[in-house]
Structures are given as structure tokens and as C-alpha cells.
Amino acid sequence: MNPLFKKYDAFIFDLDGTVYRGSQLIPDADIAINRLKSLGKKMVFISNKTTGSVKDYYEFLSGKGLKISESEIVNATVVIKKYLEKNFPGKTFYAIAEKVFIDEISESGLTFSENPDEIEIVIVTLDRTLNYNKLEIAARALVNVAKFFAANIDDTCPVDDGEVLDAGSTISALEKRTHRKLELHFGKPSEFMFEEIKCNLKSDLSKTLLLGDRLETDIALGNKFGIDTALVSTGVKHFKNNSNGYSPTYQINSIADLIK
């Protein structure tokens, strides 16, 4: 049987739960990726996680032995930052997020505020320091008709010893508290992320394989835009009757199976 990689010229790799989990690389992920690189395959690495910068991701992955470039990495921060720079320059925002994300958005020319009467845009993403006060600042700003955006919509994020609450849970709480609905999100499986991937990859999508661990973001992205997908079992736990109709082209144990 021919290895799966021979069918494709380009690969889109989710990061968290697919290439690594927590602080550890998925076993033999480096071998598989470096083999594909040596064969001249194109690739891009994508993540909805915003608690680190693209540079942080690059330093982590290259430190683990992956022979990749920083320009091959895209996360949700990059995508929403570009949108805000273009459409809301100079506006005031509040983010339920960690400092790295807030600093990156501030660098794009927006002003951070914790005053609900000043806030024009509320952004939700992963925040491991989430508390009631943060939720209430965001809620009061939304009641005052601030824009309601999210960098990502994941319910959980995989970590070394399991999963932690992610943006999706916070979005649900705010929707119930304010009777507002999220307006836009910028991570997988959004069109914003898809356009960023296309610009980065510059490859025939019919000869591209997307690999990820999450049905509602990774596999959904492939299904929405006609890209073959492979669901790996190294990340989040999958629950029966929770696929929302999304279906992978392949199911494999890990990305190491690409070259077997």
C-alpha cells in the first residue's frame, strides 16, 4: 500500500493536538514533517490558539527539530489582526484573552480599555486567567452594542493532561448573559482563515490534505472549502453524535502515519 503522502503535493497541519500536545511533540511528527519537506512538499501550519505569537510557535517547533520556516505558520491572531487593521483602525477594544494576544492587537493600532462605556469591540479567545470580572466587562460592553468578535470558537484546548476550557465556552456564556450572538470569528473554520491559508500555501487545493484533531474546526474547514481531510486521534476527545455532519476523508492515528 502506498503511503498517504504520495497522493498530495501540499499539506495543511493543525498544530495543537496534531503536531504537538501541550509541551510535547506527537511521537515521530518531526520525522514525518521533515520527510515531506525533503520531498519538496508545500505545507502550512495553522492554529486557533492565541496564547503565543507566530514567533513563539516557530521557536518551539524548530527547537523540537522541525525544519520549517516562520512564514509557514498562521494563527488566529494573525488573521483577526489583519481584519481589525483594515476595518477598525484606531478603535477601542476589550479582549477576554491573555497578555500576548492583547499586546499583539494593540500593536495594530487599536486601544485596549476595560471601561464598558468606551469599548467598541469585544474579542473572545482562550484565556486561562478568565474570571467573573472579565466576563462582566465584556457583557456590559456588549449590552452597550459593542461589536462581538472571537479569534476562535473552540470549546476546549488540548493540554498535556487533558483539555481546558477555550473560547467557545466563554462565547456561550456571553451570548446567554447579553442575548447577543457572536458576529464574526477568525480562526478555523472561517473564510478569513481559509483566505490566509490560500495566500500562504499558493497550491492546488485539489492536491492538498488538511490534517487535524477536531471535527468542528479542522475537518469542518476542509469540508466547507473542498479540501481532503485526515482526522487524527492524538488531540481532543471525540464524542458520539457530536460531528455536526462533518466527515473526514481519512481517519489515522497520527501524522506519523502519513509516511508509513
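Q: What should I know about the model and its numbering before starting?
A: The model is predicted, so local features need pLDDT of at least 70 and side-chain atom pairs count only at pLDDT 80 or more, while totals for chains, interfaces and linings use all residues. Residues are numbered from 1 along each chain as its sequence is written, and side-chain values use heavy atoms, with hydrogens and water left out.

Q: Is strand E1 mostly covered or mostly open?
A: Strands are DSSP runs of E with at least two residues, and helices are runs of H or I with at least four, numbered from the N terminus. Buried means under 20% relative accessible area, exposed over 50%, and partly exposed in between, using a 1.4 Å probe and protein chains only. Here E1 (residues 10-14) is mostly covered, with five of its five residues buried. Ala10, Ile12 and Asp14 point one way, and Phe11 and Phe13 the other way.

Q: Which strands are joined to E1 by bridges?
A: Two strands pair if DSSP finds at least two bridges between them. E1 runs parallel to E4 (residues 42-47), with five bridges, and parallel to E13 (residues 208-212), with four. Phe13 is a handy landmark: its bridge partner in E4 is Phe45, and in E13 it stands opposite Leu211.

Q: Where is Glu98, and what does its side chain do?
A: Glu98 is in the loop between strand E6 (92-96) and helix H4 (99-107). Its relative accessible area is 14%, so Glu98 is buried. A polar contact is a pair of N or O atoms within 3.5 Å; within protein, one must be able to donate a hydrogen and the other to accept it, and residues adjacent in sequence count only if both atoms are side-chain atoms. The Glu98 side chain makes one with the side chain of Arg128, at 2.7 Å.

Q: How much space lies in the second largest pocket, and what lines it?
A: On a 1 Å grid over the protein atoms alone, a pocket is an open set of points where a 1.4 Å probe fits, with protein on both sides within 12 Å along at least five of seven lines; lining residues have an atom within 4 Å of a point. This pocket holds about 240 Å³. Its lining has 15 residues, with Tyr20, Gly22, Lys49, Tyr57 and Phe60 nearest the centre. Helix H2 gives the most, with three residues.

Notes. Grid points are joined across faces, edges and corners, and a volume is the space filled by probe spheres set on the points.
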